Amino acid sequence: MSLVIATDLDGTIAFDNRPPDPLISTVLSRLVLGYGARLVVATARSPRVLGDWFDSLASELGGVCCNGALVSSSGREVHRAALAPDLVDQLTVALGADAAYCLDYGDHFVESRPGALPWMGTAARVVAPIDGLRLGGVVKLCIEDGAPRARELVELTAGRAEVFPHMSGDADVVAAGTNKANGLARLVGPGDTVLALGNDLNDLELLRSADRAIVVGRGLPGIERLEHVTRVPAETRRIAAMLTSEARDLSRWSPRARLA
């Protein structure tokens with residue numbers, strides 16, 4: 001039985017396509033290494049980024065990546081949910097030859113055109129092969145201008161996938177029934193207490209299902225009306241202070257969490 005801190009990355013504890021601020025990393029390290037909390041990173045990003053972004057904490061991480069399509073624990077993959085190949089084909093055809101998108105396979109991703117979604121970086125980026133895309137094994141389709149087309153994407157997928165539009169304008173498509181909350185459920189035990197942090201639509205179920213939750217910034221308006229949710233501005237010091245306060249408070253009201 002332990003306190004599990006399940007946190008999103010971008011827009012929650014990491015900003016401007018950079019790793020978490022040193023202050024937030026220090027707080028997380030203290031909670032994990034000093035007090036025995038478990039850290040789960042619940043992100044739309046793939047597992048390949050986690051080691052580079054968390055340094056000394058990398059060996060301590062549980063991962064819920066690609067919005068729950070990939071779940072790993074202690075470096076071992078425990079769950080994978082791929083989109084149906086025919087659905088990937090249908091979506092890429094509907095997007096058109098000029099669309100900017102990436103097909104993520106977990107250990108690498110394929111760009112539809114040079115420089116698509118530049119925030120995904122160059123490591124593990126593969127140019128689309130001239131003989132056609134590999135449709136099997138895609139755990140996430142990320143579309144650069146997908147947010148304005150979210151309704152269209154939902155109609156195209158016809159219940160066979162989840163569509164997560166982001167405030168940054170892009171959108172993710174993952175297998176039906178896939179989200180961060182379901183991924184986290186594969187990593188926690190019945191006696192664990194969950195503190196969740198998030199900021200965007202793909203964090204909604206994670207925040208709702210947690211014992212205590214912190215929503216960062218202005219996204220998900222109204223969610224703070226839920227008794228267990230607290231909103232904090234997207235400011236590093238405020239986030240670090242709230243994370244520390246909520247983690248320690250959980251140890252007081254729940255006998256399952258043991259923080260000093």
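The model is predicted, so local features are reported at pLDDT of at least 70 and side-chain atom pairs only at pLDDT 80 or more, while totals for chains, interfaces and linings use all residues. Residues are numbered from 1 along each chain as its sequence is written, and side-chain values use heavy atoms, with hydrogens and water left out. Helices (H or I, at least four residues) and strands (E, at least two) are DSSP runs numbered from the N terminus.

**Glycine 62**

- Strand β3, spanning residues 61-65, contains glycine 62.
- Glycine 62 counts as buried because its relative accessible area is 9%; buried means under 20%, exposed over 50%, and partly exposed in between, for a 1.4 Å probe and protein chains only.
- Not counting residues up to four places away in sequence, glycine 62 touches Leu39, Val40, Val41, Ser72, Ser73 and Leu187, where contact means heavy atoms within 4.5 Å.
- Histidine 79 is 17 residues from glycine 62 along the chain, and the C-alpha atoms of the two are separated by 12 Å.

**Strands β10 and β11**

- Strand β10 (residues 161-165) runs antiparallel to strand β11 (residues 171-175), and five bridges join them; two strands pair if DSSP finds at least two bridges between them.
- Valine 163 has valine 173 in β11 as its bridge partner.
- The two strands, β10 and β11, form a hairpin with five residues between them, and glycine 169 in the turn has a positive phi of about 100°.

- Most residues other than glycine have a negative phi.
- Asparagine 17 has a positive phi, near 60°, and is placed in the loop between β1 (3-7) and α1 (22-34).
- With a relative accessible area of 37%, asparagine 17 is partly exposed.
- Alanine 158, also not a glycine, has a positive phi of about 50° and lies in the loop between α4 and β10.
- The relative accessibility of alanine 158 is 61%, so this residue counts as exposed.

**Arginine 149**

- The loop between β9 (140-143) and α4 (150-157) holds arginine 149.
- The side chains of arginine 149 and glutamate 152 are joined by a polar contact of 3.0 Å; such a contact is a pair of N or O atoms within 3.5 Å, and within protein one must be able to donate a hydrogen and the other to accept it, with residues adjacent in sequence counting only if both atoms are side-chain atoms.
- Arginine 149 also touches Ala94 and Leu95, not counting residues up to four places away in sequence.
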